Amino acid sequence: MCGIVGYIGNKPAVDILLEGLTNLEYRGYDSAGVAVNVEGKVELYKAEGKLQNLKNIVQEKYEHISKSVIGIGHIRWATHGVPSVTNAHPHTCNCGKVAIVHNGIIENYKELRAKLEANGCTFRSQTDTETIAHLVASKYAQTKDLTEAVRIATKEIEGAYAIAVIHQDVKNTIVATRRNAPLVIGFGEGENFVASDVPALIQYTKKAMYLDDNQIVTLTPDSVKVIDENNNSIPLKIENLPWEPVALSKMGYKHFMLKEIHEQPDIVRNVLTGKLKNIDENISLSEVTLDKDKLKDLKRIQIVACGTSLHAALVGKYIIEELCGIPVDVEASSEYIYRTTITDENTLVIGVSQSGETADTITAIRQAKKKGSHILIVTNRPDSTMAREADSLVPVNAGIEVSVAATKSYMAQVISFYLLAIYMAEIKNSASKEELIKIKHELIVLPQKIEQILNHKSDIQKCAKAFSGHKDFIFIARGINYATALEGALKLKEISYINATGYSAGELKHGPIAMLDESMPVLSILMKGKVYEKILSNAEEAKARNAKLIAVTNSDDIKLDELFDSIIRVPDIEEILSPALAIVPLQLLAYYIAEFLGKDVDQPRNLAKSVTVE
Ligand code: F6R
C-alpha cells in the first residue's frame, strides 16, 4: 500500500527511483511519481496508472532528468482523492521548493489544511499529503533547516505516516521520518537510500537500518544522521539484510504467484528445519518465550489477523483446540479493535501477518498488550513493526512474497501453527504421543505430496479452462477445511474478480442453496475423515439443484466420478494435515482461471500487499 523510495548519491537518481518503485509494485498502487533536483530546480514527473506510464514520460526527457543525483519517488494507492496525476505524489508547497512523498493517513489533515489555507497556502490536490508539503515549507521558512522543519512539522501531524522530503535550497539532503508506517534506510558507498520496504534497495545494498516511530533521518551522499522527536541523536543500528536480490526474479515463471505456489514444498521444509528434527523428539520452538508453567495454565488463546492470515488462523484454531484443549477465538483484527475484548495475562494473543505491517492487526496486538497478554507474532517479516512489538516471534521463513495474492506465506503460517500446536501439546501433555508422531510424520512427507500436485497441474488447468466462463462460485467444506474453502474462494475472487464465496457445507441449506442452478458451480473440499460423508451429502443436495460440481479430494472412490463434473485428486493425507494439501489445487485453480481471463495476476486491481491503513 503506497511505496516510497529516496536516493542520494552519485548516479542518476531517476534510474534507482524507477527500479525501486518497480520492486515495490507488489504493494498495490494506482499512480506514480518522482521528484528530482535538476540543476538546482525541483522537478516533478507523475502519471496515473501503471509505472510504465511514468517510465514513458521520464524516457522522453531522460537526458535532462538523469542529471539529478537526488530524488524521491512514490507509488500511490488512493485513500484521499481519486487516482489522478494531480493527486499522485510527490506533492509540493506553493513555491514548489519542497517536494514530499508519503505513505499512511493524516487524520487531522482537514484542520491542518484550514489553518494553512488561512495563512495563504493554495491546495491543488484532494490529498491529505499536500498538507505536509505546505506545513514543512512554512516551518522551513522559520528555521532554514530541513531536518528541524520536518521535526517540528510532524509534531502537528496526527495519524500514520512515512515521509521523505527534499528541498530545492538544500540540494544535498533527503529528510525522512515515520510513525506507524514502515521505513528502512539503505547504506551505500557515497550514496544512501530510504524506502518503505527492502525490495526497493536490496540490489544496491544489504546494509540497512529500520527507523523507529518518530525518528527522523537526514541523508546526504556520505552521511546518515538519525535523531528522535526531541532532537536527541540516535546511534545507527546497521544490520545485514537477509534477502537475496534473486527473490525478486520470476525465475522463468509467467507470474510471481505461480513461482510462489511452486516454492511451497521448499517453504514447508524451511519452516520445519531446526524445529522438527526427528519424529521421536519434541518440537523445539526457542522463539516462544512464554514461560512453560504459564503456557500450561493458559485459559484461552485469541488469534487476530486479516484476510488470508485470518484463514491460516482458523486452521490454527482447529489444530490447537484438537491437540491442546485450549479454547481459541479467531477474530478479524478490524473487528477486535472496536469492541470490548476480554483479555488478560492468562490469555495468549497471537497476531498472524505476512507483512507484519497490517494496521488493524498492529492496533489489535497493542490493545491486548496493554491488558497484559503475552503477544506471539507469526509473521514472514521478522523485520516488521509487529515483530518488533512481539513478546514471542515465530518467523515463518517463506522468503519475500511478491504476488499480492498470498500463497506461500499462507502455507508457512499454517505449518507454523502445526509446530506451535504440537509444541504446546508436548508441554501440556494434552495429546497422545502416537497422535503427535503421526502428525510429525505427515509434516515431513508433506513437501513430496505438494510436489505431486504440482507435477499434475495440467488436470487443474483443464478444470480452470472448463469453468473460467462462470461468474459465480461456491466453495464448501466442513471442519478443519472450512478455512480452506474460505481461502480458496478468496484467492479466486482476488485475482479473477469472480464472485466466489466459501461456506461451511452444512450452512448451504440454510440460505445459499437458493442461489443454486446450472450457472453456479459448487466446489467441495472432500477430504477423507470425520465429515467426508456429510460433505458428500451436501454435494448431492447441490447436484439436485442442477449445480455443476467440482471436487478436491484424496478419495479414490470411483463412484465420485458419477456425481462430480470435475475431480481434482490429491495424495492421501491424515485429515488434520489436509488443509496444507487441499489449498494447493485451489491456489492453482484461481491462478489458471485468472490467467485464462487475462487478468493482472500479480497485481490485482484495488488490492495492496501491505495494508498499512485501518
Ligand atoms: C490475500 C491477502 C490479504 C492479506 C491481508 C492481511 O491474498 O494477501 O488478504 O492476507 O491483507 O495481510 P497480512 O498477512 O500482511 O497481515
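User: How do the axes of H4 and H5 cross, and how close do they come?

Analyst: This is a predicted model, to begin with. In it, the axes of H4 (residues 109-118) and H5 (residues 129-143) come within 9 Å and cross at roughly 45°. That angle therefore makes H4 and H5 oblique to each other.

User: And is the crossing of H4 and H5 left-handed or right-handed?

Analyst: The H4 and H5 crossing is left-handed.

User: Which residues make the contact?

Analyst: From H4 you have Tyr109, Leu112, Arg113 and Leu116, and from H5 there are Thr131, His134 and Leu135. By class, the residues of the H4 contact with H5 are four nonpolar, two polar and one charged.

User: OK, switching to H14 and H15. At what angle do their axes cross?

Analyst: Roughly 165°, with the axes of H14 (residues 408-428) and H15 (residues 433-455) coming within 11 Å. Over 145° counts as roughly antiparallel, so H14 is roughly antiparallel to H15. The crossing of H14 and H15 is left-handed.

User: What meets what between H14 and H15?

Analyst: On the H14 side it's Met411, Ile415, Tyr418, Leu419, Ile422, Ala425 and Glu426. They meet Leu436, Ile439, Lys440, Leu443, Leu446 and Ile450 in H15. The residues of this H14 contact with H15 split into eleven nonpolar, no polar and two charged.

User: What about H8 and H15, how far apart are their axes?

Analyst: The axes of H8 (residues 264-272) and H15 are 8 Å apart, and the two helices pack at an angle of about 170°. H8 and H15 are therefore roughly antiparallel to each other.

User: Which residues of H8 and H15 meet there?

Analyst: H8 brings Pro265, Val268, Arg269 and Leu272. In H15 they meet Leu443, Ile444, Leu446, Pro447, Gln448, Ile450, Glu451 and Leu454. That H8 contact with H15 has nine nonpolar, one polar and two charged residues. Leu443, Leu446 and Ile450 of H15 meet residues of H8, and they also meet residues of H14.

User: Let's zoom out. How many helices and strands does the protein chain have?

Analyst: There are 20 helices and 25 strands. The radius of gyration is 26 Å, close to the 25 Å from the globule rule for 614 residues, so the protein chain is as compact as a globular protein of that length. Along the principal axes, the C-alpha atoms fill a box of roughly 80 × 55 × 45 Å.

User: And which domains is the protein chain divided into?

Analyst: Domain 1 is 3-252, domain 2 is 259-445 and domain 3 is 456-596. The C-alpha centres of domain 1 and domain 3 lie 45 Å apart.

User: What's the phi of Glu39, and where is it?

Analyst: Glu39 has a positive phi of about 50°, although it isn't a glycine. Glu39 is in the loop between strand E2 (31-38) and strand E3 (41-48). Most residues other than glycine have a negative phi.

Note on methods: Residues are numbered from 1 along each chain as its sequence is written. This is a predicted model: local features need pLDDT of at least 70, side-chain atom pairs count only at pLDDT 80 or more; totals for chains, interfaces and linings use all residues. Side-chain values use heavy atoms; hydrogens and water are left out. Axes are lines fitted to C-alpha atoms, for helices over the stretch in contact, and angles run from 0 to 180 degrees between N-to-C directions. Helices (H or I, at least four residues) and strands (E, at least two) are DSSP runs, numbered from the N terminus. Angles under 35 degrees count as roughly parallel, over 145 as roughly antiparallel, 65 to 115 as roughly perpendicular and the rest as oblique. A crossing is left-handed if the near helix is turned anticlockwise from the far one by less than a right angle, and right-handed if clockwise. Contact means heavy atoms within 4.5 Å. Ala, Val, Leu, Ile, Met, Phe, Trp, Tyr, Cys and Pro count as nonpolar, Asp, Glu, Lys and Arg as charged, and the others, Gly among them, as polar. Domain bounds come from an automatic or database domain assignment. The radius of gyration is taken over C-alpha atoms; the globule rule is 2.2 Å times the number of residues to the power 0.38.
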